[in-house]
Amino acid sequence: MRLNLGLLLFSSITLITACGFGDDAIDDVRNQPNSFSGSKNAVDDFSPGSTGDSGNNGGLASKEVRITMEVPGGLAPNGEPTRRNLRIVKPDQIRVYQTNSNLQDLGEPSISTRTDDNGFTVIEFQQGLPLAPDVIIEARYGNVTMRALAADADRDIKINPFSEYLVRNTITQYTSGEFQRIRDCAKETNNALCLNKYVWPTLADQVHDFEIDIPTGASVSSALDVLSDRADFANYVASMADYALLDDQSSGKISASSADYNSVFMGVELGQTFLENSFAQSGQWGVRLGREKQTGTSAQPAYLYPGLTLASFDIFNIKVTNLATQIPYDRKTLIHKRGNAFFTRGDDTWDLNTHSTSPGAATLDDDARLLAGRALYQSITGKNSARTIGWTRNPYFLDAYTSGASGPNTGPDRALAGYFSAGKAIELESERGKLKRKQELEAHYLSVLELNLLRQEGFDADTLNGRNYNTVYLATRFAETSTPMQVEAGTGDWQISSGSGNSTITQTFTTLSRDNTGAVSVNNAGNRSDSWIITPRTALLSTGDKNVGRLNLDVNNPAGQFGQPDLGVGASVPDGSLLAFNLTDAASTNDIIGDGLLIAAEKATSGAPSSGSYRVQGFVLGMKDGFNRLIHLDNGVLNLSGATASLDSATLEVLHSVDFETVSVPASGQVAANLAYTNAGDGQVSFSAGDLLLEGFVTADQSQFFLLYRDEVNGEERLGMLIATQLP
């Protein structure tokens, strides 16, 4: 570990790597090539096996880091172009110093430096790589000075507006006591359970995964303003900085050494398309649904199933929970063009894609919340085709609910989460064996609900028979008809008949629609009664065919192991108390439901809770004349108090102006209301205040609410789905 701060109060030594000093130094280098030939650059190194930040860490010894400085394009027109409209430059000066929560220069740590074969500065921390945010690397290029933290997980220290934002907007928010706690955790070697040891290296690395373009003419100051105005980026940084303060009393690990989960995943997106010239700049709704992916051949079939894996292991005697997600998904979109022209795009346009998180450390807090900063791998569709598309996605902060483990060798039976992530679709072109980024094809903003339900080999679907469930669902329907956009959301009562495989379901629902003139309407009078069939969907695993809790949902004949069910594919927790289904082209007996998410939980025999605090996450779709809106409720809180409740949630909002053909970047908003709270029995509940209505159910153990969101604000009709999960 690094030496104690008291031993490191040495004079700061300046490292000179390029031109001279002075405010006019930038003029001396504006016309220089500034090429780092042979190094990795994400512009021409697009890989599905990495996040958006292409790490330049090859050839480093264990205690070394490499310095890469990136400035806005207008400050170095001849610098090497890289992602986000930045340019790679050789800094005039680099210095390293320790700091405190006031960002004071407290002297240089024990380091040595060298220049690698490509001209980059490499720094060795002789007492070990820093893990706390108490060592700063500062670089100057002409009159531009920016900083980064030395604690960076991939050891490619990028000094740019993103790293400068992190330094400026986090460290000074800590009290001196909080900052010392983080330092003590990072250098702890006495086997204490310090869970936040790796938060800062993760955060320092992941800020560089964000795909946010800095305007070419930006100064450092205006670039920081751009980042401050991106609510998703600012919220992620703030959430991770708070996570670093998690106390040492949390459990830190799952009960089992590893646990696998079936994932039921729905993402609602609103963005802007540039893919087709005739629709360029039009707004675009989208829906993404988890789906299994065939990876083998007809002779030797193999499948990738949507899933999450949690594993516990020791690093330096610290118990760490590692998680990784891999969710293949289908995508459908609806282009909404100026003049209210609508165009659908489905699997004829969008290949099956994959939502895959980079494996990393997480924290299980009080056996109830799974916390982590999650980076997403890039993916490629249409590789080697006429149109190769690269998909890159921003990190997100995961705050997932987990149930308590049922035994010493069993993981939690569920991990439920909602989160927001922006991203891009980028045209790729092959050059000398590498995929080079070309024009941007899409900007998309995605709100997700993800239900991970524990896999159990030998799951018996008969455990569901004879049980009664409450349900909520939300589904979208895109079409090139007189009603191109519809969102349907409903609640229901589901009775699964003993021994028959059939089940009776009754639902009441609301439909939010936009017709082909652009007019928006709401119909609250929908009702459905039908008989559905649940059957096990056997998984083809490396160990053979297994029933692991995956389910088919049909109206007529069961779809079988590989067939497409009438309604969708889902999963159950091992005891059958919670079910979730991805509705895909779902069609009931007499009508079309659409593409979406259905959640069912066994009815509660006890009353609904009258007190408690619950984390609220979810998405809301809003429409009015001339505008579309996506709202993500970002880790809000629902507080219960007798017959009343309060909802207070920050939101991330994206607004599409149809006439102006603009789609805003995510902006901060707020939902706050004092609500009347009604217990309708059997776990069914509602919350209301004026036009705002939350309606759904609470689980039998009172730990989770699943709710539909209905509201009207200034003529904008809103419909969505929320999950509210108990806080420790």
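Author: Start with S282. This residue is buried, since its relative accessible area is 0% and the cut-off for buried is under 20%. The model is predicted. S282 sits in a loop, between strand 11 (258-273) and strand 12 (283-290). Which residues does S282 contact, leaving aside its neighbours within four places in sequence? They are G271, Q272, T273, I335, H336, K337 and E661.

Now the aromatic rings. The whole structure holds 19 aromatic pairs. One of them joins Y469 and W494. Their ring centres are 6.4 Å apart, the planes stand at 55°, and the pair is tilted. Y469 belongs to strand 26 (residues 468-478) and W494 to strand 27 (residues 485-496). The two are 25 residues apart, so the pair links distant parts of the chain. Y469 counts as buried because its relative accessibility is 0%. W494 also counts as buried, at 0% relative accessibility.

F687 and F705 make another aromatic pair. Here the arrangement is edge-to-face, with 5.8 Å centre to centre and 70° between the planes. This pair, too, links distant parts of the chain. F687 lies in strand 41 (residues 684-689), F705 in strand 43 (residues 704-713), and 18 residues separate them. Both phenylalanines, F687 and F705, are buried.

Some rings gather in a group. F162, Y165, F210, F233 and Y236 form one aromatic cluster. A charged side chain also meets one of these rings: R84 lies over the face of F162, 3.8 Å from the ring centre. Elsewhere, R331 lies over the face of W350, at 4.4 Å from the ring centre.

How do the two helices lie? Two packed helices are described by the angle between their axes and the distance between the axes. Helix 2 (residues 161-170) and helix 5 (residues 220-229) pack at about 70°, with their axes 10 Å apart. Angles of 65 to 115 degrees count as roughly perpendicular. Helix 2 and helix 5 are therefore roughly perpendicular to each other.

Notes:
Residues are numbered from 1 along each chain as its sequence is written. This is a predicted model: local features need pLDDT of at least 70, side-chain atom pairs count only at pLDDT 80 or more; totals for chains, interfaces and linings use all residues. Side-chain values use heavy atoms; hydrogens and water are left out. Axes are lines fitted to C-alpha atoms, for helices over the stretch in contact, and angles run from 0 to 180 degrees between N-to-C directions. Helices (H or I, at least four residues) and strands (E, at least two) are DSSP runs, numbered from the N terminus. Angles under 35 degrees count as roughly parallel, over 145 as roughly antiparallel, 65 to 115 as roughly perpendicular and the rest as oblique. Rings of Phe, Tyr and Trp (its six-membered ring) pair if their centres lie within 6.5 Å; planes under 30 degrees apart count as stacked, over 60 as edge-to-face and the rest as tilted. Buried means under 20% relative accessible area, exposed over 50%, partly exposed in between (1.4 Å probe, protein chains only). A charge sits over a ring if NZ of Lys or CZ of Arg is within 6 Å of the ring centre and within 35 degrees of the ring normal. Contact means heavy atoms within 4.5 Å.
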